[in-house]
Amino acid sequence: MTRHLLFLLIAFLCSLPGMAQSENAPALTVGTSAPLFVAPDTLGQKVALKDYRGSWIVLDFWASWCGDCRREIPGMKRLEAAYRNVSIDGKPLKWLSVSFDDNHENWRKALQKYQMPWPQISDGKPWKKNPIAAVYKLKWIPTCYIIDPEGRIVSGVITAEGLEAELSRLSGKQQLLLPAPSTERGTDIMTALRKRHSVRQYADRPLSQQDIADLLWAAGGKNREDGRLTSPTAMNRQEIILFLFTAKGCYRYLPEHHALQWICDGDNRALVASRQEALAKSPAFIVMVADTRRFGQEGQQAERMMCADAGIVSQNINVCCASTGMATVTRATMDKDGIISLLGLDSTFDPILNNAIGYPAETE
Ligand SMILES: Cc1cc2nc3c(=O)[nH]c(=O)nc-3n(C[C@H](O)[C@H](O)[C@H](O)COP(=O)(O)O)c2cc1C
């Protein structure tokens, strides 16, 4: 009887997710050299790991037939976008995915479906007989290794969540979790619409954490389990990224986590105020930046859609402010180049609109 109970206990413990994870944990030792390899990309061009020396690498192992890998792809894509222009100790961070698909067509179709915008390679050999899987001692996919610019293993993880924690640790970027949005507050929508008007002068006090949390959630927070947002976007591309500028620093809003990703310290509100210098002391700005690569299409129609998407976000902010006693103005004026450069973005990002936000000045 006692032996039976012991057996059940062991079976139960082994079935715990933590146990499964530690069994599958990446096996290469931190600090050792990442094994070098060469494999062709989708066009048959050889890609060598050693050519990545001098950069940090997220080396991702996956296959289209692997359900756990497919499940992690949205998280990986979000992280790649979030860290696309982040450097660690002055060195760029690059992504490389190695697939263990032995059926080229399946691999190609999966790449077309999942649209991972970073280099993809595969030597076409099956996972169990794959020399790259062997030298990396892979017991499980997905597995990701982070490799430093000298080619050493820094860490290994098996989920996008784990990768996020490692990247945020390495880049020194903090994520600040926001208070949950208080979705019961505010006047009714018709009252808010009746009250809505542009305000360009604010009381001289910072916004509360709760107001920042509610505003960002109203602007473009996650309001459904499937990851969709309070503001609609054309084809649900979710290409409008929200950046918060306050007297203390700049942050990127992460709807998935309802959190702020720290970008830089310091007061850069003057970049957003631009020619309207009097607005530089506005307690906060939310800047709506279109990630045009994420939108995935070019041309006049695509640009119109992105502007429409940004406009909707801005109106959500306007209505939220009118409903909750804050004051705001939608603006197209801003120093776009200065903002792009401060945020470490490139020309594929387009700041479209911003809202200056505060509490009504006593004269209002
Ligand atoms: C797309 C757009 C861009 C705007 N750009 C600016 C701007 O750069 N600076 C500003 O002070 N107001 C800007 N505004 C605010 C408008 O001037 C304001 O909405 C308009 O005068 C109507 O006033 P109301 O919002 O109180 O109804 C903008 C509004 C929109 C919709």
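1. Contacts and overall form. Two residues are in contact if their C-beta atoms, placed from the backbone, lie within 7 Å. On that basis, among contacts in the protein chain between residues at least 6 apart in sequence, 73% join residues at least 24 apart. The structure under review is a predicted model. Its protein chain has 364 residues, of which 37% count as buried. The chain contains 12 helices and 15 strands, and its C-alpha trace spans about 75 × 60 × 35 Å along the principal axes.

2. Domains. The protein chain is divided into domain 1, residues 23–173, and domain 2, residues 177–358. A distance of 33 Å separates the C-alpha centres of domain 1 and domain 2. At the boundary, 7 residues of domain 1 are in contact with 9 residues of domain 2. The side of domain 1 that touches domain 2 comprises 4 nonpolar, 1 polar and 2 charged residues.

3. The largest nonpolar core. In soluble globular proteins, nonpolar side chains tend to be buried together. Here the largest nonpolar core has 53 residues, and the members touching the most others are Leu216, Leu242, Phe243, Leu244, Ile286, Val287 and Met288. At least two residues of this core come from each of α8 (209–220), β10 (240–246), β11 (249–254), α9 (269–273), β13 (284–291), α11, β14 (327–331) and β15 (349–358). Another core, of 36 residues, lies apart from the largest one and includes Ala63, Cys69, Val98 and Ile146.

4. Which residues does Ile286 contact, leaving aside its neighbours within four places in sequence? They are Leu215, Ala219, Leu242, Leu244, Ile317, Asn354, Asn355 and Ile357. Tyr253 lies in strand β11. Tyr253 counts as buried because it has 23 C-beta neighbours inside 10 Å, the cut-off for burial being 20 or more. With neighbours within four places in sequence again left aside, Tyr253 is in contact with Leu216, Leu242, Leu244 and Leu260.

5. Helix α11. This helix covers residues 300–324, 25 residues in all, and reaches 36 Å from its first C-alpha to its last, close to the 36 Å expected at 1.5 Å a residue. The buried residues of α11 are Met306, Asp309, Ala310, Val313, Ser314, Asn316, Ile317, Asn318, Cys320, Cys321, Ala322 and Ser323. One of them, Ile317, is also listed among the contacts of Ile286. Just after α11, Gly325 takes a positive phi of about 85°.

6. The residues around the ligand are His197, Ser198, Arg200, Gln276, Val329, Thr330, Arg331, Ala332 and Thr333. By class, this shell has 2 nonpolar, 5 polar and 2 charged residues.

7. Positive phi at two glutamines. Gln115 has a positive phi of about 50° although it is not a glycine, and its place is in the loop between α4 (104–114) and β6 (120–121). Gln238 likewise has a positive phi of about 50° without being a glycine, and is found in the loop between α8 and β10. Are these residues buried or exposed? Gln115 is exposed, because 11 other C-beta atoms lie within 10 Å, and the limit for exposure is 12 or fewer. Gln238 is buried, because 21 other C-beta atoms lie within 10 Å. Gln115 and Tyr253 are 138 residues apart in sequence and 23 Å apart in space, C-alpha to C-alpha.

8. Two prolines. The peptide bond from Ile141 to Pro142 is cis, with omega near 5°. Pro142 is found in the loop between α5 (131–135) and β7 (143–147). Pro131, for its part, is in helix α5. Pro131 counts as exposed because 12 other C-beta atoms lie within 10 Å. The C-alpha atoms of Pro131 and Leu178 are separated by 45 Å, with the two residues 47 apart along the chain.

Note on methods. Residues are numbered from 1 along each chain as its sequence is written. This is a predicted model: local features need pLDDT of at least 70, side-chain atom pairs count only at pLDDT 80 or more; totals for chains, interfaces and linings use all residues. A residue is near a molecule or strand if its C-beta atom, placed from the backbone, lies within 6 Å of it. Ala, Val, Leu, Ile, Met, Phe, Trp, Tyr, Cys and Pro count as nonpolar, Asp, Glu, Lys and Arg as charged, and the others, Gly among them, as polar. Helices (H or I, at least four residues) and strands (E, at least two) are DSSP runs, numbered from the N terminus. The expected span of a helix is 1.5 Å times one less than its number of residues. Domain bounds come from an automatic or database domain assignment. A nonpolar core is a set of buried Ala, Val, Leu, Ile, Met, Phe, Trp, Tyr and Cys residues joined through C-beta atoms within 7 Å.
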